[in-house]
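Work through these exercises with the model open beside you. Try each task before you read its solution.

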Amino acid sequence: MIDQAITDFIEIGIRKQTIDPLDRNYKINQLLAILHKSEFDPTILHSTPLPNVLDVLDKLVDYAVEGKVIEDMPSQRDIMEAKIMDLVTPLPSKVNEVFWELYQENPKQATDYFYRLSQSNDYIKTRSIAKNSHFLKKTAYGDLEITINLSKPEKDVKEIAQAKNTISSSYPSCLLCIENEGYEGHLLHPGRTNHRLIRMSIRHETWGFQYSPYSYYNEHAIFLSQEHRPMFVKEEAYRKLLNIVEILPHYFVGSNAGLPIVGGSILTHDHYQGGRHTFPMEKAEVIAPFTMEGYPEVEAGIVKWPMSVIRLRSKETEKLVEAGSYILDKWEQYSDESVDILSHTGETPHNAITPIARQKDGIYELDLVLRNNRTSKEFPDGIFHPHPDVQHIKKENIGLIEVMGLAILPPRLKPELKEVQHYLLDEPHSIASYHKEWADQLKTTTKITPENVEAVIQEGVGSVFLRVLEDAGVYKATPEGQAGFKRFIETL
């Protein structure tokens, strides 16, 4: 009975103190309006015990589908879910007020509050995220983290057909714009009615702080410029990254490089990613310390990692910025044809850096990952990009998260690896042709049994991800590659 679901939904909001008891009737009527329902029985008592709010949300959305308020399509269900959960989400002004009050006590208390709110109001899609597959791969560089991302819903056939006839909108300008806060959404744009952002001053500019709806790691945060402008990863970006970890010392924050292929998926909006997670790269040790003339306050060294990483450490953030910017300036103009590194093709730049900032016991760290996006006839997707023989597992750009040792693998792998499993067990299968050579190699590693087949496949996938990182590294773990890295360090 839908009236029971409405009663329970409002009561849950009151119990969680996201609805004031005085607002009960007001919120009920708002919910009735969203559901296009004009009748309601106010004498119904709430269920005892109260159900889970997301189970109640499902009933309310199902009612909207049955009543033809919306079509039964993922995008329309998403918009309806956001509208309903907005009723139990404080206004942006209130969220910011509470956040900064808690911040005065402790920055962690403030982010704890905001993270819990973003989960409880279903902005962070906890149920979808729970579908992701996770496992580790032991390597000489430490344990790499592997995930198969199943959380983000794909459009169905009806949505794809309708999308062709949908007029695109220029508002909001992109999915990261601050104007998304409270935006209803449509077929080409996700529902954001329950979306909230914390406003903060970063280097005298207003920035927004939010969580990712489809988090890849704990407290996966996004920091975005209020102004819609392209990514610009230069000296001022380093200052902003370190400013953010000054404000939120329990978070790391990093930026994708600002060039295609080695950059992120959204280069049109200046933003960074951060959160409360210790990535494998952070745990990696410095194996070759070096000094930088003119920067005695800064410790520097090469990190033991499949990609090419320089780690800088200092108590003084401005000295760290200056040293990091100096390395960036050098790298942007640096070429070494003996290891396939060219800084430019004509006027087109190829060298960039993926920077990651963190704070540890009053010491600031800046990891600088050297990148190059040059392509060739042999490697049209990128010389320092996953090579063709590993693209059956990972073909997409290697961005900030993968750089740090967390693989975000495409959802297609879930069913495809199941077929690989059948193939390895000599069962009826529909293995994709591009997996067959790899699967045959797995057969040579050990005797495959029903008990170990999943572990064998996971080990194989992890080995491929290690290769992906090695492909993306500009200086390989070979005598020639390390000699090339040393040559660059000697220019600093």
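The exercises below cover the sheets, the helices packed on them and the salt bridges of this predicted model.

**Exercise 1. Find the order of the strands in the 10-stranded sheet, and say which strands stand at its edges.**

Solution. 
- Step 1: Trace the strands across the sheet. The order is S3-S4-S5-S7-S6-S13-S14-S10-S9-S8.
- Step 2: Check the sense of pairing. The pairing is antiparallel, and the sheet is open.
- Step 3: Look at the ends. Strands S3 (198–202) and S8 (286–290) each have a single partner strand, so one side of each is left without a neighbour in the sheet.
- Step 4: Neighbouring strands are turned by 25 degrees against each other on average, direction ignored.

**Exercise 2. Describe how S8 pairs with its partner S9.**

Solution. 
- Step 1: Locate S9 at residues 299–303.
- Step 2: Count the bridges. Four link S8 and S9, in the antiparallel sense.
- Step 3: Pick one pair. Ala288 has Ile302 in S9 as its bridge partner.

**Exercise 3. Follow S4 and its pairing with S3 and S5.**

Solution. 
- Step 1: Start with S3. S3 and S4 run antiparallel and are joined by five bridges. Arg199 stands opposite Gly208 in S4.
- Step 2: Inspect the turn. S3 and S4 form a hairpin with two residues between them. Arg203 in this turn has a positive phi of about 55 degrees.
- Step 3: Move to S5 (residues 221–225). Five bridges join S5 to S4, again antiparallel. Here Gln210 stands opposite Ile222.
- Step 4: Judge the burial of S4. Five of its seven residues are buried, so S4 is largely enclosed by the rest of the structure.

**Exercise 4. Which strands does helix H11 lie across, and at what angle does H11 run to S14?**

Solution. 
- Step 1: Find H11 at residues 317–332.
- Step 2: List the strands. H11 lies across S10 (309–314), S13 (351–360) and S14 (363–372).
- Step 3: Read the angle. H11 runs at about 10 degrees to S14.

**Exercise 5. Work out the three-stranded sheet.**

Solution. 
- Step 1: Set the order. The open sheet reads S1-S2-S15, with mixed pairing.
- Step 2: Name the edges. S1 (133–139) and S15 (406–409) each pair on one side only.
- Step 3: Examine S1 and S2 (residues 142–148). Seven bridges pair them in the antiparallel sense. Lys138 stands opposite Asp143 in S2.

**Exercise 6. Examine the salt bridges Lys37–Asp3 and Asp340–Arg374.**

Solution. 
- Step 1: Take Lys37 and Asp3. Their side chains meet at 2.8 Å, N to O. Lys37 lies in the loop between H2 (24–34) and H3 (53–66) and Asp3 in H1 (residues 2–15), so the pair ties together parts that are 34 residues apart in sequence. Both residues are buried.
- Step 2: Take Asp340 and Arg374. Their N to O distance is 3.9 Å. Asp340 lies in the loop between H11 and S11 (344–345), and Arg374 in the loop between S14 and H12 (400–403), so this pair ties together parts that are 34 residues apart in sequence.
- Step 3: Asp340, at 39% relative accessibility, counts as partly exposed. Arg374, at 14%, counts as buried.
- Step 4: The whole structure holds 45 salt bridges.

Terms used: Residues numbered from 1 in each chain as written. Predicted model: local features only at pLDDT ≥ 70, side-chain atom pairs only at ≥ 80, totals over all residues. Heavy atoms only, no water. Pairing = 2+ DSSP bridges. Axes fitted to C-alpha atoms, helices over the stretch in contact; angles between N-to-C directions. Contact = heavy atoms within 4.5 Å. Buried < 20%, exposed > 50% of the residue type's maximum accessible area, 1.4 Å probe, protein only. Salt bridge = Lys/Arg side-chain N within 4 Å of Asp/Glu carboxyl O.
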